[in-house]
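The points below may be followed one at a time.

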Amino acid sequence: MIKSVVKNIVFKPLLLLFFTAHPRIIITSTGRSGSTMVFNAVVDGLIRNKFGHTYMKLLGSVTRRFVSVYLKNLSEIINSHFIVYKNHEPYFGKYNDLDRHIYIFIYGDPLDSAMSVDSVVQKKGVNWFYRHQENLCGKGSYEDLYKEDVLNYENIINSWINATESNILCIDYDDLWKDENVISDFVGFDVRLPPKVKRAKKIKRTINEDLFDKLKKKKISLK
């Protein structure tokens, strides 16, 4: 307990001093589209760029806690002092500050996202689904995962289609690995993604094909 208090009193202000000139980086996405992976890679790249490989190996896990956070409501960023954020809300231009924020929005195939959600629910239970859905500002029943847009995919995609600010990078999940250099150039330091993992493709329920065709067209329009 004492060590934890000391870290917060001493370590956090020192880290913030080191990163004070860096714009805040917001990683956001449609559901289950790789945002956690990119978030972790960006945080690690930021620390490695600032302090080097040796520091990353020794103190990287501690430093992550002080420079990055999941922020459910982006409106709270006004009173936050972290550097890298993860969020799933639709884009709100009123929270954008061209001098202080940069956004990376990742979007995946809507059916792949639904299947990924289904796979996690099989392991963690349906309560995980409703927590995840709340983060996406979605509504509806888990039973309707393949029937309705319960993950709020269309609303999230639409919000980013209409966002034209230069501090926003929109990138397809399938392009992440070939575009590592694009992400690195955008944030200003080297970002290294882990190897791509094959995603689950099992569906045991009826799919609303018209819905997912419509949502996939939204994805294509963002390219």
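In which loop is Arg32 found? Arg32 is found in the loop between strand 1 and helix 2. The model under discussion is a predicted one.

1. Arg32 and its backbone. Most residues other than glycine have a negative phi. Arg32, by contrast, has a phi near 50°, a positive value in a residue other than glycine.

2. Cys137 has a positive phi of about 60° although it is not a glycine. This residue is placed in the loop between helix 5 (126-135) and helix 6. Because its relative accessibility is 40%, Cys137 counts as partly exposed.

3. Ser113 lies in helix 4. Its relative accessible area is 2%, and Ser113 is therefore buried, the limit for that class being under 20%. When neighbours within four places in sequence are left aside, Ser113 is in contact with Gly31, Arg32, Ser33, Gly108 and Leu151.

4. Strands of a sheet pair through backbone hydrogen bonds, either parallel or antiparallel. Here an open sheet of 5 strands has the order 2-3-1-4-5, and the pairing is parallel. Why is one side of strand 2 and of strand 5 left without a neighbour in the sheet? Strand 2 (68-70) and strand 5 (168-172) stand at the edges and each has a single partner strand, so one side of each lacks a neighbour in the sheet. On average, and with direction ignored, neighbouring strands of this sheet are turned by 15° against each other.

5. Strand 3 and its partners. Strand 2 is joined to strand 3 (residues 84-87) by 3 bridges, and the two run parallel. Within this pairing, Val69 has Tyr85 of strand 3 as its bridge partner, while Tyr70 has Lys86. Strand 1 is joined to strand 3 by 4 bridges, again in parallel. The bridge partner of Ile27 in strand 3 is Lys86. As for the side chains of strand 3, Val84 and Lys86 point one way and Tyr85 and Asn87 the other way. All four of these residues are buried.

6. Helix 2 against helix 3. Two packed helices are described by the angle between their axes and the distance between the axes. For helix 2 (residues 35-51) and helix 3 (residues 53-67), the angle is about 125° and the axes are 9 Å apart. Helix 2 is therefore oblique to helix 3. The crossing of the two is right-handed. On the side of helix 2, the residues that meet helix 3 are Val43, Asp44, Ile47, Arg48 and Phe51. Their counterparts in helix 3 are His53, Tyr55, Met56, Gly60, Thr63, Arg64 and Val67. Sorted by class, this contact has 6 nonpolar, 3 polar and 3 charged residues.

7. Helix 4 against helix 5. The axes of helix 4 and helix 5 come within 7 Å and cross at roughly 135°. On that account helix 4 is oblique to helix 5. Helix 4 contributes Val117, Val120, Val121 and Lys124 to the contact, and helix 5 contributes Val126, Trp128, Phe129 and His132. These residues divide into 6 nonpolar, 1 polar and 1 charged.

8. The buried residues of helix 6. Which residues of helix 6 (residues 153-161) are buried? They are Tyr153, Glu154, Ile156, Ile157, Ser159 and Trp160. What covers them includes strand 1 (24-29), strand 4 (101-107), helix 4 (110-124), strand 5 and helix 8.

9. Lys196. Lys196 is placed in the loop between helix 7 (180-187) and helix 8 (209-221). Its relative accessible area is 46%, so Lys196 is partly exposed. Neighbours within four places in sequence aside, Lys196 is in contact with Tyr173, Asp174 and Trp177. Between Lys196 and Ala21 there is a separation of 175 residues in sequence and of 32 Å in space, C-alpha to C-alpha.

Key: Residues are numbered from 1 along each chain as its sequence is written. This is a predicted model: local features need pLDDT of at least 70, side-chain atom pairs count only at pLDDT 80 or more; totals for chains, interfaces and linings use all residues. Side-chain values use heavy atoms; hydrogens and water are left out. Axes are lines fitted to C-alpha atoms, for helices over the stretch in contact, and angles run from 0 to 180 degrees between N-to-C directions. Angles under 35 degrees count as roughly parallel, over 145 as roughly antiparallel, 65 to 115 as roughly perpendicular and the rest as oblique. A crossing is left-handed if the near helix is turned anticlockwise from the far one by less than a right angle, and right-handed if clockwise. Contact means heavy atoms within 4.5 Å. Ala, Val, Leu, Ile, Met, Phe, Trp, Tyr, Cys and Pro count as nonpolar, Asp, Glu, Lys and Arg as charged, and the others, Gly among them, as polar. Two strands pair if DSSP finds at least two bridges between them. Buried means under 20% relative accessible area, exposed over 50%, partly exposed in between (1.4 Å probe, protein chains only).
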